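Here is a friendly note to read beside the model. Please keep the view open as you go through the points.

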Amino acid sequence: MITVDESLTEREGLLAAAGHHPYARHALRRGVAVRGWRHDGAVGWLLPPGGWSAGGAVGAPGPALDVFAAQRADGTLRAGQSVNLSHADPDEVAARLPVARLTEWDLLWATGPPPHRPEQERVVRLTEADHPALAALIEEAFPATTSRPGEPGIVDWYGIRDGDRLLACGADRSRGDIGFLAGLTVAPGHRGRGLGAALTAGMTCALFGRYDAVALGVYPDNVGAIRLYRRLGFTAAERRTSVELA
């Protein structure tokens, strides 16, 4: 059993304890009940059932693993649920938690609009009528993505068209206090022409109309995308570990 240093039950108190970390600002939605804690350099929380993640933490990963392991042992966390924490050594995670799948990814964020990119004015907000074209493009260009039309948590879709054909698309998964881009993709035959940069810049500018920071997630081995995002102002970064529990 782990005794936490402090229990936190209010969103604003959690954000303050977490230093208003961008991941916490994204994960903790307004008006949603949350159970949080502070423990030995980590600040974490559990979210209501049915969300994309059962819990998360920022700060020192070891103490966060201690708390999540105790919650898994007492049944608070269950098999099939996921938790997300600052980057942790996979062997250390496996030693403390039953792991069905472990994913390492980078959280990048920007605190100001990007430099203007050619053709970013072609980025438009899509509607439900575009869902069949979105589904077809995603299946062709990015079948591994978890962002698809009709998926819970998606606020809007944006895209670039050439006539009736959809060439690029991205999802607005904003929640909490910051904007969040996801599922950015370009049709295979149209890559290398600046459409990815235009899409990212156009969407980022749109979200800066509502938020003071915009973030996205990217796999560490996607070096080309990371280079592009940094040129567009996503210069702050933190590696994260997502764990699906067995």
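1. Is F68 buried or exposed? F68 is buried, as its relative accessible area is 0%. Here buried means under 20% relative accessible area, exposed over 50%, and partly exposed in between, with a 1.4 Å probe and protein chains only.

2. A word on the basis: this is a predicted model, in which local features need pLDDT of at least 70 and side-chain atom pairs count only at pLDDT 80 or more, while totals for chains, interfaces and linings use all residues. Residues are numbered from 1 along each chain as its sequence is written, and side-chain values use heavy atoms, with hydrogens and water left out.

3. Helices (H or I, at least four residues) and strands (E, at least two) are DSSP runs, numbered from the N terminus.

4. Next, please follow strand β3, residues 42-46, which is mostly covered: five of its five residues are buried. In a regular strand, side chains alternate between the two faces of the sheet. In β3, A42, G44 and L46 point one way, and V43 and W45 the other.

5. What does β3 pair with? Strand β2 (residues 35-39) pairs with β3 in the antiparallel sense over five bridges, and strand β4 (residues 55-59) pairs with β3, also antiparallel, over five bridges. Two strands pair if DSSP finds at least two bridges between them. V43 is a handy landmark: R38 stands opposite V43, and V58 in β4 stands opposite V43 too. Between β2 and β3 there are two residues, giving a hairpin, and D40 in the turn has a positive phi of about 50 degrees.

6. Y23, W45 and W105 form one aromatic cluster. Over the face of Y23 lies R240, at 4.1 Å from the ring centre. A charge sits over a ring if NZ of Lys or CZ of Arg is within 6 Å of the ring centre and within 35 degrees of the ring normal.

7. The structure holds one cavity of 30 Å³ or more, and about 30 Å³ of space lies in the largest cavity. R11, L28, R29, V32, A33, V34 and L47 line this cavity. On a 1 Å grid over the protein atoms alone, a cavity is a set of points where a 1.4 Å probe fits but cannot get out, and lining residues have an atom within 4 Å of a point. Grid points are joined across faces, edges and corners, and a volume is the space filled by probe spheres set on the points.

8. Lastly, please look at A95 in helix α4 (residues 90-96). A95 is exposed, with a relative accessible area of 68%.

Note on methods. Phe/Tyr/Trp six-rings, centres within 6.5 Å; stacked < 30°, edge-to-face > 60°. 1 Å grid on protein atoms, 1.4 Å probe; cavity = no way out; pocket = protein on both sides within 12 Å on 5 of 7 lines; lining within 4 Å.
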